[in-house]
Amino acid sequence: MGLLDGKRAVILGVANEKSIAWSIAQAFKREGAEIALTYAGEAFEKRIQPLADSIDAKIVIPCDVRSDEDITTAFSALSRQWDSLDILVHSIAFANKDELKGSFLDTSREGFATAMDISAYSFIACLRAARPLMTAPGATALTLSYYGGQKVFPNYNVMGVAKAALEMSVRYLAEAVGPDGIRVNAISAGPIKTLAAAGVGGFNQIAGVVQSKAPLRKNITQEDVANSALYLCSNLASGVTGEVHFVDNGYNIIGL
Ligand code: NAP
C-alpha cells in the first residue's frame, strides 16, 4: 500500500531529470499517486514527454506561470480530465542571471518584478486556479524555498527577497484555504546542483560550506527533498499547514 494511493497530483517545474520536481514526481508515483506535469513552453515539451511517459503521466500540459491565461487554460485542461485534484506541487523559480551576481544594491526594477512574479506570485495564482478542483479531504499544496529567503547569502540577491515573499505567502495562503480543509506548506531545501542552481553565482562555494558545516556533513539530494515532500503531501501530515520545513541536513541550525 502506498502513502498516496488514489491521489492525483499536478507537479509544476520539471525541467529535466535533475529537477527537484522530477524526484518528487517519481516518489509520488512510487507511492501510488497519478501524476500530471506542466512545462514552461513549447520548447520544453520534447524534454518532458519521455520523463512523463516513464511514470505513466498521461496529462502533460503547457503552463508559463507569467501568464494568467496559461494558468487558466492549464487548470481547465486538467479539470476536463480529472474531477478532483489532491496535490499541487509548485517547484518554479526564476531571476535574470544578472541579478544573481554582484551587489543587491544594483537590483533593477524589472529584475525585481520578474523574480517576484515567477518565483512568488505564481504560487498564489496557481493555487487559486487549482482550488475549485481541490475538494477532496486532505488536499494540499507545496512549494520550494531556500534559506536565502531568511538569511543573506552571496549572489542570491533578489531571489532571497522573492523566497521571503513566497514563505510569507505560504502562511497567508494556509490561512486563506485552511477553512476549506486545504493545507499549504513549503520545503526549504539545501543547495542541489540543478539547472536553476547553476544560475546562482558561486553555487559550488555555498555547497562546499554546507558539506563542511551541516550537522550531517553532506549536501542533500533531490531524493531527500522528495521523501519529505511525500510526508507533507500525504495524510501523515494532516495537522501540518503554513510550515516552512527545512530539508538541509540541519545546516540552518548552525550559528558559526
Ligand atoms: P530546475 O530544475 O531548473 O527547476 C526550476 C523550474 O522552474 C524549471 O522547471 C523551469 O522551467 C521552471 N520555470 C521557470 N520559469 C518558469 C515560468 N515562467 N513558467 C513555468 N515554469 C517556469 O531547478 P530546481 O533546483 O529543481 O528548482 C525547483 C525549485 O526549488 C525552485 O523554486 C528553486 O528555487 C527551489 N530550490 C532549489 C534549490 C537548489 O539548490 N537547487 C534549493 C532550494 C530551493 P524551464 O526550465 O522549462 O523554464
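Is Cys-126 buried or exposed? Cys-126 is buried, at a relative accessible area of 0%; buried means under 20% relative accessible area, exposed over 50%, and partly exposed in between (1.4 Å probe, protein chains only). Please keep in mind that this is a predicted model, where local features need pLDDT of at least 70, side-chain atom pairs count only at pLDDT 80 or more, and totals for chains, interfaces and linings use all residues. Residues are numbered from 1 along each chain as its sequence is written, and side-chain values use heavy atoms, leaving out hydrogens and water.

**Cysteines**

The whole structure holds zero disulfides, a disulfide being a pair of cysteine sulfur atoms within 2.5 Å. For two cysteines, the distance to the closest cysteine sulfur is too far for a bond:

| Cysteine | Closest cysteine sulfur | Distance | Relative accessibility |
|---|---|---|---|
| Cys-126 | Cys-63 | 5.2 Å | 0% |
| Cys-233 | Cys-126 | 15 Å | 0% |

**Nonpolar cores**

A nonpolar core is a set of buried Ala, Val, Leu, Ile, Met, Phe, Trp, Tyr and Cys residues joined through side-chain atoms within 4.5 Å. The largest one has 52 residues, of which Phe-75, Leu-78, Leu-85 and Leu-88 touch the most other members. Its largest share, nine residues, comes from α4; helices (H or I, at least four residues) and strands (E, at least two) are DSSP runs, numbered from the N terminus. Leu-78 touches Val-10, Ala-36, Ile-59, Ile-61, Leu-85 and Leu-133, leaving aside residues up to four places away in sequence; contact means heavy atoms within 4.5 Å. A second, separate core has 38 residues, among them Ile-20, Ile-24, Ile-192 and Cys-233.
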